[in-house]
Amino acid sequence: MTFQELQLIEPIYKALQEEGYSKPTPIQAKAIPIILQNRDLLGCAQTGTGKTAAFAIPMLQLLHNNPIKRNEKSRIRSLILTPTRELAIQIGESFAAYGRHTNVKHTVIFGGVGQKPQTDALQRGVDVVIATPGRLLDLINQGFVKLNQLEQFVLDEADRMLDMGFVHDVKKIIKLLPAKRLSLFFSATMPPAIVTLANTILTNPTKVEVTPVSSTADTIKQAVYFVNKSDKNNLLLHILEDATIQTALVFTRTKHGADKVVKVLR
């Protein structure tokens with residue numbers, strides 16, 4: 001299948017060509033036609049599957065094909081809720097890339113930075129808001145954001161949202177949305193708590209499930225070491241003593257954990 005077969009409008013198809021996209025990923029091929037029909041969707045997909053384009057492309061097309069009146073340009077039409085600022089920025093970049101030839105405006109909202117550039121963008125008028133829950137609630141409480149006329153809602157990475165303790169904020173935001181809307185729900189896993197949350201958001205959804213394609217090159221050697229937590233640092237030191245390792249990249253779960261590893265290595 002090609003993007004041409006998905007019945008995309010010329011402004012979006014042109015942007016995809018400029019981005020070098022020719023064939024949709026499995027989740028894009030499954031999700032785009034469903035969303036273009038304004039049907040709710042439950043997507044089980046991990047990062048790396050092309051999930052962002054799977055919802056951004058059809059959302060942009062629906063918004064572009066249904067422009068609002070000039071006196072309504074201050075209202076927010078779409079909300080994408082995501083757990084981290086990094087993911088919010090990434091989604092914002094995707095909307096900018098795929099929507100560059102459309103009339104759809106977007107902005108990204110997240111905490112940890114001054115709010116004035118964000119509130120200035122909101123006051124100028126945007127169609128799409130991509131936000132993390134905490135800062136969005138702050139701006140709602142200050143009167144900068146109104147969601148009562150929302151047409152599209154996306155909850156992205158719902159399981160991470162739950163893990164990071166945002167579920168109560170998410171529920172507060174959902175209560176502010178109009179009952180009649182397009183709702184899209186994406187999660188890498190579907191534990192009972194996520195299924196319950198999805199049931200409160202979606203109406204007769206179509207479920208789309210894909211698994212990420214393994215892309216590890218044959219030249220990559222992989223290994224897993226099962227060790228007690230207290231032995232992790234000693235194992236890391238032992239591995240890094242290998243003279244053939246000239247550079248290394250170490251991932252930790254938290255910023256605090258990264259600081260601790262640095263101290264041990266020093």
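**Helix H1 and its surroundings**

In this predicted model, helix H1 spans residues 10-18, and its buried residues are Ile12, Tyr13, Ala15 and Leu16. Viewed down the axis of H1, these buried residues fall within an arc of 160 degrees, so they line one face of the helix.

The cover over the buried residues of H1 includes helix H3 (51-65) and helix H4 (85-98). Just after H1 comes Gly20, which adopts a positive phi of about 85 degrees.

**Gln152 in strand S5**

Strand S5 covers residues 152-155, and Gln152 lies in it. The relative accessible area of Gln152 is 3%, and because buried means under 20%, Gln152 counts as buried.

Leaving aside residues up to four places away in sequence, Gln152 touches Met59, Leu62, Leu63, Arg77, Ser78, Leu79 and Leu182.

**The largest pocket**

The largest pocket has a volume of about 970 Å³. It is lined by 25 residues, of which Lys232, Leu236, Val250, Phe251 and Val261 are the closest to its centre. By class, this lining comprises 13 nonpolar, 7 polar and 5 charged residues.

Which helix gives the most to the lining of the largest pocket? That helix is H10, with 6 residues. Helix H10 (232-240) and helix H11 (255-265) each supply at least two residues of the lining.

Notes. Residues numbered from 1 in each chain as written. Predicted model: local features only at pLDDT ≥ 70, side-chain atom pairs only at ≥ 80, totals over all residues. Heavy atoms only, no water. 1 Å grid on protein atoms, 1.4 Å probe; cavity = no way out; pocket = protein on both sides within 12 Å on 5 of 7 lines; lining within 4 Å. Points joined across faces, edges and corners; volume = space filled by probe spheres on them. Helix = DSSP H or I, 4+ residues; strand = E, 2+ residues; numbered from the N terminus. Nonpolar A, V, L, I, M, F, W, Y, C, P; charged D, E, K, R; others polar. Buried < 20%, exposed > 50% of the residue type's maximum accessible area, 1.4 Å probe, protein only. Contact = heavy atoms within 4.5 Å. Arc of directions from axis to C-beta.
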